[in-house]
Amino acid sequence: MPNSNEIAKLNQLLSDIKVLVGSLSILDKATESKDLVVSATALDALNFRVREISKTYIALALNDATKDSTNITSSKKISTLQIEDILIELSKPTPNLKKLHDLMDAQLESLRKIALSEILTLSID
């Protein structure tokens with residue numbers, strides 16, 4: 001099945017998004033309870049996972065660039081995954097949680113919906 005590799009990448013993307021959202025939730029709780037060790041760990045996890053999502057997204061986007069531009073993914077994908085601002089905020093000594101949520105929540109939800117839609121589309125093909 002030629003789509004199995006792409007479906008596997010999309011499933012990995014969904015898994016990474018789930019872990020990222022969980023890490024963000026842990027950071028929220030750790031910040032609220034002023035647990036610096038857990039906060040630092042959550043920030044490291046966020047930093048790593050954002051980079052992994054970006055790599056997977058780029059690999060999928062490059063794969064789509066070689067395909068027919070009329071497929072559903074090409075028309076739905078956001079032009080680029082904006083991670084620069086997220087990484088800048090994460091690199092600060094005390095990142096602003098509200099800003100992190102503003103930068104990530106909508107973008108991750110959109111990316112999750114696109115990945116789910118594409119998995120369904122590829123499964124039908």
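Start at Glu89: with 2% relative accessibility, Glu89 counts as buried (buried is under 20% relative accessible area, exposed over 50%, partly exposed in between, with a 1.4 Å probe and protein chains only).

**Ground rules**

The model is predicted, so local features need pLDDT of at least 70 and side-chain atom pairs count only at pLDDT 80 or more, while totals for chains, interfaces and linings use all residues. Residues are numbered from 1 along each chain as its sequence is written, and side-chain values use heavy atoms, with hydrogens and water left out.

**Whole chain**

Zoom out and colour by secondary structure. Helices (H or I, at least four residues) and strands (E, at least two) are DSSP runs, numbered from the N terminus. The order from that end is α-α-α-α-α.

The accessible surface of the chain is about 7500 Å², by the Shrake-Rupley method with a 1.4 Å probe; for residues, only the protein chains shown count as cover. Carbon and sulfur atoms hold 60% of that surface. Of the 125 residues in the chain, 38% are buried.

Then draw contacts (heavy atoms within 4.5 Å). Take those between residues at least 6 apart in sequence: 71% of them join residues at least 24 apart.

**Stop 1: Glu89 and Lys99**

Glu89 sits in helix α4 (residues 84-91) and Lys99 in helix α5 (residues 97-124), so the pair ties together parts that are ten residues apart in sequence. A salt bridge here is a side-chain nitrogen of Lys or Arg within 4 Å of a carboxyl oxygen of Asp or Glu. Lys99 is partly exposed, at 37% relative accessibility. The structure holds six salt bridges.

**Stop 2: Glu109 and Arg112**

Select Glu109 and Arg112. Their salt bridge has its closest N and O atoms 2.6 Å apart. Both residues lie in helix α5, three residues apart, about one turn of the helix. Glu109 is partly exposed, with a relative accessible area of 31%. Arg112 is partly exposed too, at 30%.

**Stop 3: Arg49 and Asp16**

Select Arg49 and Asp16. Their side chains meet in a salt bridge (2.9 Å, N to O). Arg49 is in helix α2 and Asp16 in helix α1, 33 residues apart, and the pair links distant parts of the chain. Are these residues buried or exposed? Asp16 is buried, with a relative accessible area of 2%. Arg49 counts as buried as well, at 18% relative accessibility. Side chains of opposite charge can pair when their charged atoms come close.

**Stop 4: Ser23**

Stay in helix α1 (residues 4-32) and pick Ser23. Ser23 counts as buried, at 9% relative accessibility. Leave out residues up to four places away in sequence, and Ser23 touches Ala42, Ala45 and Leu46.

**Stop 5: Lys34**

Which loop holds Lys34? Look between α1 and α2 (36-65). Lys34 is exposed, with a relative accessible area of 69%. Check the backbone: Lys34 has a positive phi of about 60 degrees, although it is not a glycine. Most residues other than glycine have a negative phi.
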